[in-house]
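Here is a short briefing on one protein model. Read it alongside the sequence and the coordinates.

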Amino acid sequence: MKRRIRIRFEEDPTVEDIDICIRAPERDGEIDALIERINSTRPEMLTVTGTDGASVRIYPQDIVSVSVNDKYLQIVTEKNRYTVRQSLHEFEEKLDERYFVRISRYEIVNIEKIRKYDFTLGGTLRLELAGGMETWASRRSIPLIRKKLTERGDDRK
């Protein structure tokens, strides 16, 4: 039997975040599917602290690329660049692997932000990203990139 879902909104100026509570007689597959749908619609914001000490919050889906630049990370969105003192590996753990792929030892890109890609005669992969950015993937990363693009039903060649 399919249960009825009622949605109710309560305004609460004392909270900063959105709090969703699901009330049901028991947790089952329908509830789990609802939770998964809610979680996948709006990922959590990431708080990044720049080298100047200022913290900003960004949505992961706004990130175009994250790359190592000397001892810092350069986080690039279509509108801004942020310089952060953090390891690429640490930052990668915060990202959803369904949307991000490591293209080299020094760079991660958002699959959704790849506008075009092509293989060169030398066997390397050139990626054109949102905002007109261009980057190159290492040869050993190509199989994983190809797999992720295929999973997404990609046709941006």
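T47 in β1 has R57 as its bridge partner in β2. This is a predicted model: local features need pLDDT of at least 70, side-chain atom pairs count only at pLDDT 80 or more, and totals for chains, interfaces and linings use all residues. Residues are numbered from 1 along each chain as its sequence is written, and side-chain values use heavy atoms, with hydrogens and water left out.

- Strands here are DSSP runs of E, at least two residues long, and helices are runs of H or I, at least four; both are numbered from the N terminus.
- β1 covers residues 46–49, and β2 covers residues 55–58.
- The two strands run antiparallel and are joined by four bridges; strands pair if DSSP finds at least two bridges between them.
- Five residues separate β1 and β2 in this hairpin.
- In the turn, G53 has a positive phi of about 90 degrees.
- L46 and V48 make up the covered face of β1, while T47 and T49 make up the uncovered one.
- In a regular strand, side chains alternate between the two faces of the sheet.

- F91 sits in helix α2, residues 88–93.
- F91 counts as buried because its relative accessibility is 0%; buried means under 20% relative accessible area, exposed over 50%, and partly exposed in between, with a 1.4 Å probe and protein chains only.
- Beyond its neighbours within four places in sequence, F91 is in contact with L46, V48, I63, V66, L73, I75 and Q86; contact means heavy atoms within 4.5 Å.
- V48 and F91 are 43 residues apart in sequence and 9.6 Å apart in space, C-alpha to C-alpha.

**The five-stranded sheet**
- The sheet is open, antiparallel in its pairing, and ordered β5-β4-β3-β7-β6.
- β5 (81–84) and β6 (100–104) stand at the edges with a single partner strand each, so one side of each has no neighbour in the sheet.
- Twist averages 20 degrees from one strand to the next; axes are lines fitted to C-alpha atoms, and angles run from 0 to 180 degrees between N-to-C directions.
- Four bridges join β6 to the antiparallel β7, residues 107–110.
- F100 stands opposite N110 in β7.

**The largest pocket**
- A lining of 25 residues surrounds the largest pocket, and R6, I7, R8, C21 and I22 lie nearest its centre.
- On a 1 Å grid over the protein atoms alone, a pocket is an open set of points where a 1.4 Å probe fits, with protein on both sides within 12 Å along at least five of seven lines; lining residues have an atom within 4 Å of a point.
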